[in-house]
Structures are given as C-alpha cells and as structure tokens.
Amino acid sequence: MKLHALLLAAAVLVAFVAAHEHHGEAPICAGGGGRVLAEFRPGEVTLDGHPADWEAVEASEFPLLPALDPDDDKAYTGGKVTVKAVHDGVNVFFMLQVDGDYAYTKGENKKCPSVALMFQVGEKATYQDMGGCKDLPDSCTSKSCRDHEVDILHFSLGNAIPGRLYGGNHIDNAAGNGGDRFGHLVDTYAWNPHCRYLDGIGPKENNSNAQNDWHGAWWHNSLTFHSGFVDDDSPYGKQDDKGTYYFEFSRPLRTMDQFQQVLIYSLFLSFARYYI
C-alpha cells in the first residue's frame, strides 16, 4: 500500500508522506483523542532510525481516516500508525512506524516519503488546518492569528541517508533559523497551511535567536545493509519493496522558541494528504 501523506497531530501532529500519490487528494486523519505515554527511560534510545531500542516501550496505534470525511469505512487499508514516546528528563523521544512500500529518488522530495510532527502551542490551535487561523497568506500575522500557533517538525527524505542523523546543526542555527540544509529535517511554525514558516522567519520580522531544536533519522525494514550507508549507495534499497518505515526524533522538553513551550505527551492524531 502506498500512502501520500500522513500527518499525526497533538500536543503532537505527525505526518507521513509516501511517494507516487497524486496531488489534490483529501487529507487523511488518524482519529482524535488518543494518548501516548512517554515513560522516563534515560540512556535507552540512540537516534539511528532503528526500532530495537524501543522493544520494551508501550506502543499506541491509531487508524488513518480522511480529515475531511473521517468515516470508519474510509480508513486507510494499509494498517495503523504506531507511536512510541519516552523522555530522559531533558529530551523527549519519538518512534513512529507506518507500513509503506519503499520509495527513494535522490534529491526529489516529492518522490520520497516525508514525515511531520506538529505540537499545539496556541490555546485555539486545531490539529486540522495546522492551527486553524482563517487568514490568507498575505494577511496572517502573529497578532491576527494569535492563539492559533502550532510548532512543526518536517522531514523530507530526498537528501537524507537512512540511519544518518539530521536536523539542528551549527551552520543553520548560527543563521538564526530552523532550517537544515543537509537533510531537510526542519523546525517550523504555522497558523494554517498557507501561513507556515521556518523558526526565526516570519511574514513581518525575523528572530535571530531561533534555531532548529529537532534531531532525527529514518529507516525502512527492507534495507539489509547495517554498516552505514554513504551517498553513493543511493537509492539504498529496492524500489517498491514492501515493509515498514521507522522515523525516530528527539527535541528538548524546553526550547529557545519564542513561546518557550514545555512539551506535553497527550496526543490527538491526524494525518493529511498533501505535499509540503
């Protein structure tokens, strides 16, 4: 089964985008109201995209339903998304698992899977419509969309080698934004799908104190080489091999973001079909 996008929401929204899907399809959501327990497990997780560290961690599963018409009979038939979370008192860690055929084309993000995590920041922020502010792109501001803020991690795999660590780095953080020029694991915020920006960059002003607080890696269980891929090994596996994608992420429980939010662990999940 080939997905185009999954966006898991909550205090966290998560999105998975698989290749070969068509533009313009309706968003997919995973039913709301679920909770994921993040246990205190210091020193147990290594960010490499592999699930072995997570075997003893309780898993939560959520069905994937269309966001605009979330009837059970329209659920994604390829299976549910599995979410696990732990923390060590300083950082919170996530493992996401979703079934999908292997797809990778170097340098072309829209022919590779993507994944996103979205955290509610504003009190009025909704998991549908990335915060739910009604403003258009040329009118949204921190004042007009106040209380609709969401914080988003977005990871596009087109330049990301399996098992490698991406996200925050000294070069992009020194520039004062949430970018990642190496693997496109970026730290962004939004008020709605049309008003979405890298941390530190906005419609009216920039914040030079911003940085990318996320780190992460990915893997697919059809890949059999475990000694460390290099760029020349692309596409790393056989196209269309059936299996499961693994996405592993971490960020501090408290960040330098303007909102200084402390992450919480209750999750309501949504998944959306769209290209970011």
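Both Tyr245 and Phe247 are buried in this predicted model, and their rings face one another with centres 6.0 Å apart and planes at 15°, so the pair is stacked. These two residues also belong to a cluster held together by ring pairs, in which Tyr245 and Phe247 are linked with Tyr102, Tyr104, Trp218, Trp219, Phe225, Phe229 and Tyr236. The count of aromatic pairs in the model comes to 15. One of these pairs is formed by Phe94 and Trp214, whose ring centres lie 6.4 Å apart with the planes at 40°, so this pair is tilted. Phe94 sits in strand 8 (residues 91–99), while Trp214 sits in the loop between strand 13 and strand 14, so the pair ties together parts that are 120 residues apart in sequence. Phe94 and Trp214 are both buried.

The mean pLDDT of the protein chain is 76, and 74% of its residues reach 70 or more. Among the elements of the chain, strand 14 (residues 215–220) has the highest mean pLDDT, at 95, whereas strand 1 (residues 6–9) has the lowest, at 37. Over residues 1–33 the pLDDT is below 50, although this stretch has 174 contacts in the model beyond near neighbours in sequence. The pLDDT is likewise below 50 over residues 259–276, a stretch for which the model shows 98 contacts beyond near neighbours in sequence.

The next element to look at is strand 9 (residues 114–120), where six of the seven residues are buried, so the strand is largely enclosed by the rest of the structure. Strand 9 pairs with strand 10 (residues 150–156) in the antiparallel sense, over seven bridges, and within this pairing Leu117 stands opposite Leu153 of strand 10. Strand 10 also contains Ser156, a residue with a relative accessible area of 3%, which makes Ser156 buried. The side chain of Ser156 is joined to the side chain of Ser114 by a polar contact of 3.4 Å. Leaving aside residues up to four places away in sequence, Ser156 touches Asn109, Pro113, Ser114, Gly183 and His184.

What joins the loop between strand 9 and strand 10 to strand 13? A disulfide does so, connecting Cys140 to Cys195 with an S to S distance of 2.1 Å. Cys140 lies in that loop and Cys195 lies in strand 13, so the pair ties together parts that are 55 residues apart in sequence. The link of Cys140 and Cys195 has -110° about the S-S bond and is left-handed. Cys140 is buried, with a relative accessible area of 2%, and Cys195, at 0% relative accessibility, counts as buried too.

The count of disulfides comes to two, and the other one joins Cys133 to Cys145, with an S to S distance of 2.0 Å. Cys133 and Cys145 are both found in the loop between strand 9 and strand 10, 12 residues apart. This link is left-handed, with -70° about the S-S bond. Cys133 is buried, with a relative accessible area of 7%, and Cys145 is buried at 0%. When the bonded cysteines of the chain are numbered in sequence order, the pairing reads 1-3, 2-4. A further cysteine, Cys112, counts as buried at 1% relative accessibility.

Cys195 leads on to the strands around it. Strand 12 (residues 185–192) and strand 13 (residues 195–198) run antiparallel and are joined by four bridges, with a hairpin of two residues leading from strand 12 to strand 13. In this pairing, Cys195 of strand 13 is the bridge partner of Asn192.

The side chain of Asn177 reaches the backbone nitrogen of Gly179 at 2.8 Å. Not counting residues up to four places away in sequence, Asn177 touches Asp172, Leu198, Asp199, Ile201, Ala210, Gln211 and Asn212.

Definitions and conventions. Residues are numbered from 1 along each chain as its sequence is written. This is a predicted model: local features need pLDDT of at least 70, side-chain atom pairs count only at pLDDT 80 or more; totals for chains, interfaces and linings use all residues. Side-chain values use heavy atoms; hydrogens and water are left out. pLDDT is the predictor's confidence in each residue, from 0 to 100. Contact means heavy atoms within 4.5 Å. Buried means under 20% relative accessible area, exposed over 50%, partly exposed in between (1.4 Å probe, protein chains only). Two strands pair if DSSP finds at least two bridges between them. A polar contact is a pair of N or O atoms within 3.5 Å; within protein, one must be able to donate a hydrogen and the other to accept it, and residues adjacent in sequence count only if both atoms are side-chain atoms. Rings of Phe, Tyr and Trp (its six-membered ring) pair if their centres lie within 6.5 Å; planes under 30 degrees apart count as stacked, over 60 as edge-to-face and the rest as tilted. A disulfide is a pair of cysteine sulfur atoms within 2.5 Å.
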